[in-house]
Amino acid sequence: MRTEILWNNDWLFSPAQLPFDAPDSAFEAVTLPHTNKLFPHHNFDNAEYQFISTYRKRFSLPEPRNGRRVFVDFEGAMLVSTVYLNGKQVGVNAGGYTPFSFDVTDYLNDGENVLTVHLDSTERADVPPFGYVVDYLTFGGIYRDVHLRYVEAVSISNAHIKPQNVLTPSPVVELDVYLVNSGAQPATLELHAEIYNAQAEPDAPAFTYNSISVNIDAKSSSKVTLLLACSQPQLWTLANPALYALRLQLHAADGTLVDAPAERRFGFREAYFADDGFYLNGERVQLRGLNRHQTYPYIGAAAPARLQQQDADILKYELGCNIVRTSHYPQSHYFLDRCDEIGLLVFEEIPGWQHIGDNDWQAISLRDVRAMITRDWNHPSIIVWGVRINESWDNDEFYTRTNALAHELDPTRQTTGVRFFIESSFLEDVFSFNDFSNGIAEPKHTPHLVTEYNGHMFPTKTFDGEERKIEHARRHAHVQNMAYGNPRVSGAIGWCAFDYNTHKEFGSGDRICYHGVMDIFRLPKWAAAVYASQQDPTERVVLETATLWTMGDRAEGGNDPLMVLSNVEEIDVWFGEQHLGRFLPDHETYPHLPHPPFKVTGLGMMMMWGQAFGTLRVEGFIGGEKVIEQQISSDGVPRELRVSADFDTLYADGADMTPVKVRFTDEFGNVLPYAMQPVTFELEGDAAELIGENPLLPPGGQAVVYLKATHTRGTVTLTAKTARFEPLRVTVEVI
Ligand code: GAL
């Protein structure tokens, strides 16, 4: 029988390439996911994580082998891993974004074993995405999970679950199961497949099942196909993303259970790009989304499951997106699993950025196509594969191969590839275009999807002046409005969700690309509310007034006109106790947006330079009823420091983390972006450590530090001290 063990604990790490006989004292103890270096949130040089490091793990097999093969499975390590067991090389993997696995059976000792990884985190020109500069950072480290896996000579290596005819009353799941026989004998086995409703109790009866007898030759692999008839499954939709789970069992002729891998989830949905847009389950869905890089402040890409899941939640619930593009590489399965669970569509693509390397480089890229698709083909959230290097020039020979491989591996999904010139040859099923025209160019080919806009055209910081931040929001609203207005455009995915650390060739001088609608800490700029306010108000009522409500931030002073980003029907605007008027959404400027911003004018007389100045109140109405209100102080004095942990309970696994948000606000909770006052933290308890700058100067009046669980259970208290406020405490339980 198979055993799979999460193998993230008890690693040793050195930021140097150490020989096998280096003493353990030359290393520090670490837990995965791990970054090879911690950083401040900006102002650092990416050369500082570009080195060869050594990871070491001493172990005895946690259970006897009993004739089974033993594998070490890496979900992701940046960038080239050379893996040794007991001083002998077992394999090399080049590439930081896709999983790799080594059969270590023949290298194992009876007693203690030593696994070593020499991890080259330099920007090696022979490995995608490198060969030229890229606009993001590829932080080093074994930054995703590792597993130890035992399997019998014959085992299940993968399964591709392909629901067919899902819009009929009786869909069928066509199931391809991949088997491996590493043994010297042919084998005859019985393969049993059961499908469950993933939300049902664990012992609920199967939704459907089927069995097949399989013969597999010695030293070979094979694919067997089963059909499972399904009656009226619940569809996977954006509002109700019903998930089903496949359980597989492989039995020997005598009935012994040979393999039972972890269940795989999937959904019944039909996703298709047509000339007139994208269809989910037969209904046209206008795609409205943002790009996501997988990097975070301080920790690079080494974010645990909880933070990965939270990013998906932010995109769906806080930003109201229905699609995310995993720019520019396959991302954590925790992120994708969460997209499946909450109904957030995904565009996933192979690693790369503008540059195409030589034949060997292209071979790695083809390997990436395979690794991405065979890892992720069961995610219902993924609707299209990106099989071109983002924004490269045409290379029809290469892209004919990436495209054909994707179709061969996964005939159920369309392919695409992102380009920056509209004359590019169209080899895939969907033409994806980064449209930096500050509008929406007329499609040359359909289906047409806009995969980037804005970004470097208008970088905007949380601490920029009001006019720039309003213009940033306006541009996002404008492009979305145009995308909604052109039925030949399937949708538009903006650049980007979150600010990110980058190379000096890009970015704002502190090596951040301030291209996000949220900052690097995942805290909003006003442009975030452009997206959030396109949600149906039954999901969430949004009202964000894009103003600092000061007399002197704009050129020539005042606040006229005001932009209010909201999905209510009407707003009332009050200046102190004075009613300025009732306003409707600006359908004239944004005729196609589901919820256009409001333009509030007529403030002129109240906003004379140096005149008495009071609180702004904006009230939102739906069906004549007041549903939301925002008040903004005219004081310009921080009245509160808000410190809050997003999660008050963590797991004591040495990896789990919660963001702790720090915000200087007015008395109504509005962040004051110029309140950049030092915050000093003190941590009591050994159940967590503080990750982040300390003291912290919150840029834009808002920032995040993290609490990261150790392996010790208990309570930790983080105290935030400032010159102005009483110390504030947050408590987190580590269980
Ligand atoms: C695009 C590129 C993105 C990002 C963006 C900035 O050209 O694909 O990765 O650099 O520009 O606007």
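User: Before we start, what does "buried" mean here?
Analyst: Buried means under 20% relative accessible area. Exposed means over 50%, and partly exposed is in between. Keep in mind that this is a predicted model.

User: Ok. Is Phe521 buried or exposed?
Analyst: Phe521 has a relative accessible area of 4%, so Phe521 is buried.

User: Which residue does Phe521 form an aromatic pair with?
Analyst: Its partner is Tyr298. The centres are 6.4 Å apart, with 45° between the planes. That makes the pair tilted.

User: Why those two numbers?
Analyst: Because a pair of aromatic rings is described by the distance of the centres and the angle of the planes.

User: And Tyr298, buried or exposed?
Analyst: Tyr298 is buried, at a relative accessible area of 2%.

User: How many aromatic pairs does the structure hold?
Analyst: It holds 35 aromatic pairs.

User: What about Trp549 and Phe613?
Analyst: Their ring centres are 5.2 Å apart and their planes are at 35°, so this pair is tilted. Trp549 lies in the loop between strand 33 (543–545) and strand 34 (562–566). Phe613 lies in the loop between strand 37 (598–600) and strand 38 (616–622). The pair ties together parts that are 64 residues apart in sequence.

User: How accessible is Trp549? And Phe613?
Analyst: Trp549 is at 0% relative accessibility, so Trp549 counts as buried. Phe613 is at 22%, so Phe613 counts as partly exposed.

User: Which residues form an aromatic cluster?
Analyst: Trp7, Trp11, Phe13, Tyr55 and Phe59 form one.

User: New topic. Which charged end sits over the ring of Phe71?
Analyst: That of Arg149, 4.4 Å from the ring centre. Arg306 lies over the face of Phe647, at 4.8 Å from the ring centre.

User: What does the side chain of Gln480 reach?
Analyst: The backbone oxygen of Ala492, at 3.0 Å. Gln480 lies in helix 5 (residues 466–485). At 1% relative accessibility, Gln480 counts as buried.

User: Last one. Which residues make a nonpolar surface patch?
Analyst: Tyr674, Met676 and Leu697 make one of about 290 Å². Tyr674 is in the loop between strand 42 (657–665) and strand 43 (680–684). Tyr674 has a relative accessible area of 44%, so Tyr674 is partly exposed.

Key
Residues are numbered from 1 along each chain as its sequence is written. This is a predicted model: local features need pLDDT of at least 70, side-chain atom pairs count only at pLDDT 80 or more; totals for chains, interfaces and linings use all residues. Side-chain values use heavy atoms; hydrogens and water are left out. Patches are made of residues with over 30% relative accessible area and no salt bridge: like charges are joined within 9 Å, nonpolar side chains (Val, Leu, Ile, Met, Phe, Trp, Tyr) within 5 Å. Accessible areas come from the Shrake-Rupley method with a 1.4 Å probe; for residues, only the protein chains shown count as cover. A salt bridge is a side-chain nitrogen of Lys or Arg within 4 Å of a carboxyl oxygen of Asp or Glu. Helices (H or I, at least four residues) and strands (E, at least two) are DSSP runs, numbered from the N terminus. Buried means under 20% relative accessible area, exposed over 50%, partly exposed in between (1.4 Å probe, protein chains only). Rings of Phe, Tyr and Trp (its six-membered ring) pair if their centres lie within 6.5 Å; planes under 30 degrees apart count as stacked, over 60 as edge-to-face and the rest as tilted. A charge sits over a ring if NZ of Lys or CZ of Arg is within 6 Å of the ring centre and within 35 degrees of the ring normal. A polar contact is a pair of N or O atoms within 3.5 Å; within protein, one must be able to donate a hydrogen and the other to accept it, and residues adjacent in sequence count only if both atoms are side-chain atoms.
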